[in-house]
Every structure is written in structure tokens, then in C-alpha cells.
Amino acid sequence: MRYGFAFIGLCVACLLLADDAAQQKVQVSKTEKADFPAGGTLRLQNSTGELIIEGWEQPGVEITTTRSSKDAYAPADRAKAMRDLDSIQISTKRNGDELAVTTEFPHHRAFPYVSPLSVVTNFDLEYRIRVPRNAKLIVKHEDGEVHIDGVAGNVQVTARQGLITLRLAGETQPAIDAKSDAGSVISDFAGSEIRRPWPFGHRLVERTSTASQNL
């Protein structure tokens, strides 16, 4: 009897593994490189998901995007999932000293509708971007996290909903104007703090006239 139960258990496990193998997420990755002027501006418009921007010593920009379905699909349904991912359009356009990266994607209001933040997408999107360290950044992000590491140029980032982190290339005091409408601002640098009753808003300001970097 023990061997019989062991054999039945093994068969069930095999069936479960086979089902897991049949159900898979659909994912598409793309890497492109672009020329970038010294001291130029990288502008991201309508990005969503997780955005990672890293300063490097190369002269150009490298942009890797990964689009993934939220759900796993059987082989027969993956073509439809791929069409859904194809509806996410990420374009780049050079205009003088500025390189613009624009994202367009379908989205709809969550049900039940609670607030303007209640927006639903049926995909996950990740950007990994490398830029020259002296690049300037202007980012208008939708939902998700923004992480910036090792960029020495001016940085202007807004996110509708999510975490923003900056790890700076130098140790000198930057000029800071950081605000969260719902949440907190945490900084290793000094600044004047303005708080409203938790959790509704926090602001940190340090206007240093000699700062080489504005955040």
C-alpha cells in the first residue's frame, strides 16, 4: 500500500508539472542604442511599470524594455497575449540635444472606481536605461517605481503613484525640491521639511545657490 500511494502521488506531481509547463507568461524584450549629445537631456513621457536609469561612462544611450503578460497562458492563447503586448508602443525621437522616449499603452479604470489612481493594465513593463553620467533627466512616470543611480546632471521626476529613489554620483549638497502628496521624503542631505498630518504629504527643500545639481 505504501508503494501504491507513492506511485499515485508521483503521477499527480507529474500532471501538475505538465500543467505548469503548459501555462507560461508571454514576454518580449528589446534593446536599442542611440546617439546622445554631451550634456543632453533624456525625457521619458508616460512611462509605466518599473523604470531603472543608470549613469555610465559610454557616450550613447542604451534602452532595454521588457514587456510581460501578467497572467500565464496556454500555447493556444499565447498569440492573443502577444497581440496585447504589441499594443504597447515605445518610441524614441531625437530633437536637438534632447532624446524623448514615449510610451503609449491601453489602460482602463478599475472597477469599482475609487479614485483617479485606480487604473488597470494587463501587462508588466520594465525599462533599463543607461545614459552618460552628465545627462539631464526629465521623467513623467505613471504607476510604478523609478530608480536613478549615478547620474550627475539635473533630475526632474514625477510619478503618479509609486516609489522614486535617487542614488547620486557625488557627495556635494544638491539643490532639492522633493514632495510627496501621500507619503514621506527621506534624504541623506539636509533640507527644510514641511509636513502635513500623516499620511497626506511631505516636502523637503534645500535651495543651495552653489549646487551643481538640481533635483
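Q: Ala, Val, Leu, Ile, Met, Phe, Trp, Tyr, Cys and Pro count as nonpolar, Asp, Glu, Lys and Arg as charged, and the others, Gly among them, as polar. How do the residues lining the largest pocket divide into these groups?

A: This is a predicted model, where local features need pLDDT of at least 70 and side-chain atom pairs count only at pLDDT 80 or more, while totals for chains, interfaces and linings use all residues. Residues are numbered from 1 along each chain as its sequence is written, and side-chain values use heavy atoms, with hydrogens and water left out. Sorted into groups, the lining of the largest pocket has seven charged residues, nine polar and 15 nonpolar.

Q: Which strand gives the largest share of that lining?

A: Strands are DSSP runs (E, at least two residues), numbered from the N terminus. With seven residues, the top contributor to the largest pocket's lining is strand 12.

Q: What is the bridge partner of Gln45 in strand 6?

A: Strand 2 (residues 41-47) runs parallel to strand 6 (residues 98-104), and they pair over five bridges. Look across from Gln45 to strand 6 and you'll find Thr102.

Q: Is Thr103 buried or exposed?

A: Thr103 sits in strand 6. Its contacts (heavy atoms within 4.5 Å), not counting residues up to four places away in sequence, are Gln45, Asn46, Ser47, Ile88, Gln89, Ile90, Leu125 and Tyr127. Buried means under 20% relative accessible area and exposed over 50%, with partly exposed in between (1.4 Å probe, protein chains only). Thr103 comes in at 1% relative accessibility, so it counts as buried.

Q: How far apart in space are Val131 and Pro59, C-alpha to C-alpha?

A: Val131 lies in strand 9 (residues 123-132), and at 0% relative accessibility it counts as buried. Leaving out residues up to four places away in sequence, Val131 touches Leu42, Ile53, Glu54, Gly55, Trp56, Gly60, Val61, Leu137 and Val151. Val131 and Pro59 are 72 residues apart in sequence, but in space their C-alpha atoms are apart by 7.7 Å.

Conventions:
Helix = DSSP H or I, 4+ residues; strand = E, 2+ residues; numbered from the N terminus. Pairing = 2+ DSSP bridges.
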